Amino acid sequence: MSGAGPAFGAGPQEREPEQRPRDLGPLVDELRRIAGPEQVITQEHQLRTYESDGLLQYAVTPAAVILPGTAEEVQQIVRTCHRAGVGWVARGAGSGLSGGALPIEDGVLIALSRLRRILEVDLDDQRVLCEPGVTNVAVSQAVAPTHFYPPDPSSQIVCTIGGNVAENSGGAHCFKYGFTTNYVTGLEVVLPDGELVRLGGKEVDRPGYDLVGAFVGSEGTLGVATKVWLRVVPKPESVRTLVAFFGSTSQAGEVVSRIVSGGMVPGAIEMMDNLSIRAAEAHTGAGYPQDAGAALVVELDGAEAECEARFDQVKAICEDAGADSIRIARNEPEREVIWKARKAAFAAMGRIAPNYYVQDSVIPRTRLAEVLGRIDELADEHGLRVANVFHAGDGNLHPLVCYDGTSEGEAERAEELAGLIVKACVDAGGSITGEHGVGVDKKRYMPEMFDEPDLKAFQKLRCAFDPDQLANPGKLMPTPRLCGEVPGPYRQHPLEVAGIADRF
Ligand SMILES: Cc1cc2nc3c(=O)[nH]c(=O)nc-3n(C[C@H](O)[C@H](O)[C@H](O)COP(=O)(O)OP(=O)(O)OC[C@H]3O[C@@H](n4cnc5c(N)ncnc54)[C@H](O)[C@@H]3O)c2cc1C
């Protein structure tokens, strides 16, 4: 997770944690009645546990946290908040990296960690039905050894399926297999007015609007998912993994281009630069050479004969591109060691910097060398170090901006640098986020990518689900926006008068 540091990114929701949250009084009594007194937290010191997600630079203490045990309780909670006009935020494991589960100070945090049952495993139909608090890795474990659930965030041992759905999470194997949205066939959702609806189902391609598609990636702003139907797939017959070490990221980037343009679709192609190699090696001892300019992990899977033939081709491309060394996993334990370094890269940053800030932007793969060069330039200009670890096949960069939050002005410089990196990616034809979501952290960059009519279309959808703006307010959209027409003569809302909100 991002190391703790001084909060940055001024926004309407942030507050000093020392301030007292609002007392919700009778609403809290009602919440205690719904879920039981022991499942409702209002003590300041206990609330602090929930004040941030994985992006520790933002912290807000909620007025109350509630841990429901059933979908019915979630429904009653949301309905109660709706009646009282109180905003709420859903939370899974709180591993998000965009402040998506950041609480609101005068609202309720609905923590879904108790909803962690796998309700059905149907391997004949390749489906799993689960509650939202089930961890990502538990789904693959439930269908092993014959099947697996492909979207595999590096945080998969802690992050929840509800969080994955809300963020449309990805992982190392999404280059070949696709993202969460490609694996959710149905959802049970509590809408912001407390209605319980079913979107999609076990089968694919239901008639009507694709509301499952709209809900996946909606970052908790359209309701609370209380059940999720997931597609799982058979395990490939064969898996071959190598890690090749190069003098530079541009050399390794050339290999990525040649593999992909050669028509191969590896299960994963992941790259780490020297700084992230050094951090990961210090953390894991996986045997990556500390002086390597880049490490490229390539994993092929599929039918054995094809996998072997393609693997030889990949090895030849790496050699031809001047790899300094290539390590091939001969068995599962060796494969795990190769992956250990890659998967630990974020957590390992603590080895080289007291604080770091994760960016998550996407660029066209062909612009990799150019954008990495630009990131280096920007880092030099700001006197900071940036480690790069990324899903090279998807062009999904994760620049990790290292800083020391105790050093005067460094947090601000890191924030500015991170923003310029996002802009450089958008300028290269990319996106402000690949898999971590917009949340509170990236909302200010939305206008870099979307024109006003595009943002209005998003807002209309949001208003259709949540006209009162109670579901995860203040996230995703760049400025607070209001929904609906006021009956009678038109009166401007104070936020409109102040020029900080628009009406739709
Ligand atoms: C070390 C590390 C590595 C990571 N690696 C990856 C990676 O490889 N790929 C990747 O995509 N992400 C990665 N992440 C980010 C994070 O793990 C994912 O975004 C994950 O999906 C968040 O799940 P969560 O359960 O922690 O959700 P939270 O952080 O609790 O919430 C995330 C969002 O989901 C909403 N939400 C949660 N549950 C529900 C629900 N039931 N219904 C509606 N909305 C809900 C919240 O309101 C919030 O907006 C990483 C994070 C860390 C700390």
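Phe450 is partly exposed in this predicted model, with a relative accessible area of 22%. Its partner in an edge-to-face aromatic pair is Phe458, with ring centres 5.0 Å apart and an angle of 75° between the planes. Phe458 is likewise classed as partly exposed, at a relative accessible area of 37%.

The structure holds four aromatic pairs. Another of them joins Phe245 and Tyr288, again edge-to-face, at 5.2 Å centre to centre and 75° between the planes. Phe245 belongs to strand S12 (residues 238–246), whereas Tyr288 sits in the loop between helix H9 (274–284) and strand S14 (294–302), so this pair ties together parts that are 43 residues apart in sequence. Phe245 is buried, with a relative accessible area of 3%, and Tyr288 is buried too, at 2% relative accessibility. An aromatic ring also takes part in a contact with a charge: the charged end of Lys343 sits over the ring of Trp339, at 5.7 Å from the ring centre.

Attention now turns to the nonpolar interior. In soluble globular proteins, nonpolar side chains tend to be buried together. Here the largest nonpolar core comprises 50 residues, of which Phe246, Ile269, Leu296 and Val401 touch the most other members. Apart from this core lies another, of 30 residues, which includes Val243, Ala295, Phe346 and Tyr356. When residues up to four places away in sequence are set aside, Ile269 touches Phe175, Val256, Ile259, Val260, Leu296, Val297, Val298, Phe390, His391, Ala392 and Gly393.

Within H1 (residues 26–35), the buried residues are Leu27, Val28, Leu31, Ile34 and Ala35. Viewed down the helix axis, the buried residues of H1 fall within an arc of 115°, so they line one face of the helix. An α-helix has 3.6 residues a turn, so residues three or four places apart point the same way. The packing partners of the buried residues of H1 are strand S1 (40–41), strand S2 (64–66), helix H3 (71–84) and strand S4 (108–111). On the face of H1 turned away from the buried side are the exposed residues Pro26 and Arg33. Just after the helix, Gly36 adopts a positive phi of about 100°.

Burial is also found in a loop. Ala471 lies between helix H16 (452–465) and strand S21 (481–482), and its relative accessible area is 0%, so Ala471 is buried. Leaving out neighbours within four places in sequence, Ala471 makes contact with Trp88, Pro192, Gly220, Thr221, Arg462 and Asp466. Between the C-alpha atoms of Ala471 and Leu67, which are 404 residues apart along the chain, the separation is 17 Å.

For the protein as a whole, the secondary structure consists of 17 helices and 22 strands. The radius of gyration is 23 Å, close to the 23 Å that the globule rule gives for 504 residues, so the protein is as compact as a globular protein of that length. Its C-alpha trace spans about 70 × 60 × 45 Å along the principal axes. Of the 504 residues, 57% are buried. Among contacts with a separation of 6 or more, 70% are between residues 24 or more positions apart.

Terms used. Residues are numbered from 1 along each chain as its sequence is written. This is a predicted model: local features need pLDDT of at least 70, side-chain atom pairs count only at pLDDT 80 or more; totals for chains, interfaces and linings use all residues. Side-chain values use heavy atoms; hydrogens and water are left out. Buried means under 20% relative accessible area, exposed over 50%, partly exposed in between (1.4 Å probe, protein chains only). Helices (H or I, at least four residues) and strands (E, at least two) are DSSP runs, numbered from the N terminus. The arc is that of the directions from the helix axis to the C-beta atoms. Contact means heavy atoms within 4.5 Å. A nonpolar core is a set of buried Ala, Val, Leu, Ile, Met, Phe, Trp, Tyr and Cys residues joined through side-chain atoms within 4.5 Å. Rings of Phe, Tyr and Trp (its six-membered ring) pair if their centres lie within 6.5 Å; planes under 30 degrees apart count as stacked, over 60 as edge-to-face and the rest as tilted. A charge sits over a ring if NZ of Lys or CZ of Arg is within 6 Å of the ring centre and within 35 degrees of the ring normal. The radius of gyration is taken over C-alpha atoms; the globule rule is 2.2 Å times the number of residues to the power 0.38.
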